[in-house]
Amino acid sequence: MHKKYRYLFILLVAVWLAIFCLSFLFNLIGRTFEFSSFWRLLMMALSGLISAIIITFIVIYTTPVLKEYLHTLRSLLRLDTLSHPLLLKLQQKAPASFHHSLMVANLAHRAGKAIGADPLLTRIGGYYHDIGKAINPEYYFENNSLQKELTKISDFKLKALKLSSHVKNGVLLAKQYHLPQGIIDLIIQSHGTSEISFLHKKAQELKIKINKKDLRYQGIKPQTKEAAILMLADGVESKIRSQKILTKQMIDEIINEIISSKLNDRQIELSGITQSELYKIKKALTEGVEIIHHQRLKYPNDQN
């Protein structure tokens, strides 16, 4: 349940319980001792007064929760614009990474909505999850398919450090631009401790022995459903983007592959996502990819 609705539900239940219990108690007392109409009216007035006092205290003590929620919401709404200086910086320095982030945000928002997570948080997390790539954008394949700077480095451990440095750089930029902690957490957790798979495959092809831990992100596994959704959307979009030909069957296979790999790698085990929610996420991601890449989809009857 969304934080706002959870707060309102708890407040409603607390107020209802206070009024019901007091009304029941005074009504029981009135019937037991057979008070006159005057005393019953007086007890009703007293019940209303006590109810008002209890409700006032409930509101006062829960106000910080509501205040925190509204502050967080305002902070997120300020970031929900593509004209934010950080996003403009990413667009200028790493345009392909910027485009990738927009697609991830779109998919994550759809998936977040599907399971009742925070769709606003997942969308904004998608915008900013790769902002660290604004620093040394030439290291990343989407911005430089030849990756000349990276090929100059022979040490695979150092290559992995260079590639994964965008998480650390992203956190530094986020703090520099005063992004809320919730977004910083998503920058770190959306990559988790995932394997940098293409480096691992390259090392295997060249028969280079290396500790697998050295070819992983050094972050934190997703601790929330929003972070897990962002991780899955990021993986799906990256894989889809690399395909020259795309069919509906391929989309299903890719999404299944990404979800299975993250499950097998135990990346989303701490996020609280259930199997039924994973099914909804898969469906939402499939629909999102098909909408985004509709013009690219190759159908069975295509002649060209």
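Which side chain meets Glu-237 in a salt bridge? Arg-241 does, with an N to O distance of 3.3 Å.

## Basis

This is a predicted model, in which local features need pLDDT of at least 70, side-chain atom pairs count only at pLDDT 80 or more, and totals for chains, interfaces and linings use all residues. Residues are numbered from 1 along each chain as its sequence is written, and side-chain values use heavy atoms, without hydrogens and water.

## Salt bridges

A salt bridge is a side-chain nitrogen of Lys or Arg within 4 Å of a carboxyl oxygen of Asp or Glu. The count by this rule is 8.

Glu-237 and Arg-241 are 4 residues apart in helix 10, about one turn of the helix. Glu-237 is buried at 3% relative accessible area, while Arg-241 is partly exposed at 30% (buried is under 20%, exposed over 50%, partly exposed in between; 1.4 Å probe, protein chains only).

Glu-257 pairs with Lys-239, with 3.6 Å between the closest N and O atoms.

## Nonpolar surface patch

A nonpolar patch on the surface has about 820 Å² of accessible area together; its residues include Phe-9, Trp-16 and Leu-28. Patch residues have over 30% relative accessible area and no salt bridge; like charges are joined within 9 Å, nonpolar side chains (Val, Leu, Ile, Met, Phe, Trp, Tyr) within 5 Å. Areas come from the Shrake-Rupley method with a 1.4 Å probe, and for residues only the protein chains shown count as cover.

Phe-9 lies in helix 1 (residues 3-33) and is partly exposed at 48% relative accessibility. Helices are DSSP runs (H or I, at least four residues), numbered from the N terminus.

Technical notes:
Helices (H or I, at least four residues) and strands (E, at least two) are DSSP runs, numbered from the N terminus.
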